[in-house]
Amino acid sequence: MSIAERSTQTIWEGPLASGTGTFANSSSTVLDGQQVTWAARTEAPGGKTSPEELAAAAHSSCFSMALSLKLGENKTPPQRLEVTATVTLDEVDGAPTITTSALTVRAQVPDIDKDTFASVVDEAAALCPVSRLFAGATITVDAQLA
């Protein structure tokens, strides 16, 4: 049995360049009504989202949870974690491809040294399910203590 299963439906209307997708029936309902467009993906967001932005949100939140867990297991729970994921869409062999997810971590963790922190970050990277989902892409982590 799975740990969790979530879904969101996208209803797309029109051609790629001028069409709009609208999210519906999301498990939490918080995405319902949000729009996604090709222009939001490749130009300016204009109040709409993109698959890359959603992937970045998934990766930053997942990594935050994994790092918080691993720091707690190390008996050095974080006071604060700021995790930013930047997901890049490039053209590879003529096809749009998500090629990287760069994580930037700024952490306030009392009573931990840099080497131990780096080791725990590596453990979190190996644990994060979204990192494992992106295993075909290059994932970088820039983690620093505050």
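1. Leu81 sits opposite Ala107 in E5. Here strands are DSSP runs of E, at least two residues, helices are runs of H or I, at least four, both numbered from the N terminus, and two strands pair if DSSP finds at least two bridges between them.

2. Keep in mind that this is a predicted model, with local features needing pLDDT of at least 70 and side-chain atom pairs counting only at pLDDT 80 or more, while totals for chains, interfaces and linings use all residues. Residues are numbered from 1 along each chain as its sequence is written, and side-chain values use heavy atoms, leaving out hydrogens and water.

3. E4 and E5 belong to an open sheet of three strands, in the order E4-E5-E6, with mixed pairing. Strand E4 (80-92) and strand E6 (138-145) are at the edges with a single partner strand each, so one side of each has no neighbour in the sheet.

4. H2 lies across E4, E5 and E6, at about 140° to E4. Helix H3 (residues 114-127) also packs on the sheet, where it touches E5 and E6 and makes about 150° with E6. Contact means heavy atoms within 4.5 Å; angles run from 0 to 180 degrees between N-to-C directions, with axes fitted to C-alpha atoms, for helices over the stretch in contact.

5. There's another open sheet of three strands, ordered E1-E2-E3 with antiparallel pairing. Its edge strands are E1 (9-13) and E3 (35-36), each pairing on one side only. Strand E2 (residues 20-24) pairs with E3 over two bridges, and Thr22 stands opposite Gln35 in E3.
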